[in-house]
Amino acid sequence: MRPLIISTLIILLFTSSQAIAGQGQAEFSADVIQSMPQQESRQGRIYIGNDQVRTDINVGDKTMIQIIDIKQQTAYMLDPGQKTYLERKAGPGEFNPGGGVPAKDTDPCAGMQNLVCSRIGVESVNGRPAEKWELENTAMGQSGQMVIWLDQARHIPVRQILPDGSTMEMRLSGSEMLNGRTVEKWEMKTTRPGGQNSVAYQWFDPELNMNIREEQPGGFVSELRNIRVGKQPADLFTVPTGYKMMSMPQDSVPGRQDQERYP
């Protein structure tokens, strides 16, 4: 049982930088490649459907599968080798950790439990108009407030103030060609309490409404390749017949996305 729990955590880290499907999200599939200096790269495949996402990843000599159903706010972790699966509630950060919200003026908290959003107005961030929102999170008995500015054209967070006082700000560098697709390169600067700064880069695909490449401090790189846009089969996002449901201890269930993306 424990190997399945460990593999589940790895899958969460593997998918934490990818946006999840939603209204207005193009359906597609792609290979996912992640690498870190002096560590073995990880490979898998992601499928974005209609309000659903599936990620297959190779963990050692095993293949593990995660399926997230946005409408049901439920996540499933499958072990094909053992024909078992785990079921849990999906955390808010898993619905849309890296891409845009559905549409202009849409409440970014819509459909998410324990999150309340209040629209403040429109402000300019690096010369681009952005919707300013306050978010209140009371999940798991903890409260915290953050402020985000969502770019009106791309609907991505171009500025954030986190509960601990950290700030994140994004600046558009320009357009590039990446893996045969026209994308936008964004620079993301994070400032933490005490003045520590870090810079990361994201390549945002307007058609897919998500990042298809990220470069993080320390050398972490995540990229989508062999992207194929089109309707995804519904059976990709269901637990196959014959799988046995397993139970997971409460203290082993991640309540949020880990900030560390590559262990």
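Asn58 has Thr63 as its bridge partner in S4. That pair opens a tour of a predicted model, in which local features need pLDDT of at least 70, side-chain atom pairs count only at pLDDT 80 or more, and totals for chains, interfaces and linings use all residues. Residues are numbered from 1 along each chain as its sequence is written, and side-chain values use heavy atoms, leaving out hydrogens and water.

Start with strand S3, residues 52-59. Strands here are DSSP runs of E with at least two residues, numbered from the N terminus. S3 runs antiparallel to S4, and eight bridges join them. Two strands count as paired if DSSP finds at least two bridges between them. S3 and S4 form a hairpin, with two residues between them. In that turn, Gly60 has a positive phi of about 65°.

Now follow S4 itself, residues 62-69. Six of its eight residues are buried, where buried means under 20% relative accessible area with a 1.4 Å probe, protein chains only. In a regular strand, side chains alternate between the two faces of the sheet.

S4 also pairs with strand S5, residues 74-79. The pairing is antiparallel, over five bridges. Ile67 stands opposite Tyr76 in S5. These two strands form a hairpin as well, with four residues between them. Gln73 in the turn has a positive phi of about 50°.

Further along come strands S7 (residues 115-125) and S8 (residues 128-137). They run antiparallel and are joined by 10 bridges. Cys117 faces Leu135 of S8 as its opposite residue. The hairpin of S7 and S8 has two residues between the strands. There, Asn126 takes a positive phi near 50°.

Definitions and conventions
Buried means under 20% relative accessible area, exposed over 50%, partly exposed in between (1.4 Å probe, protein chains only).
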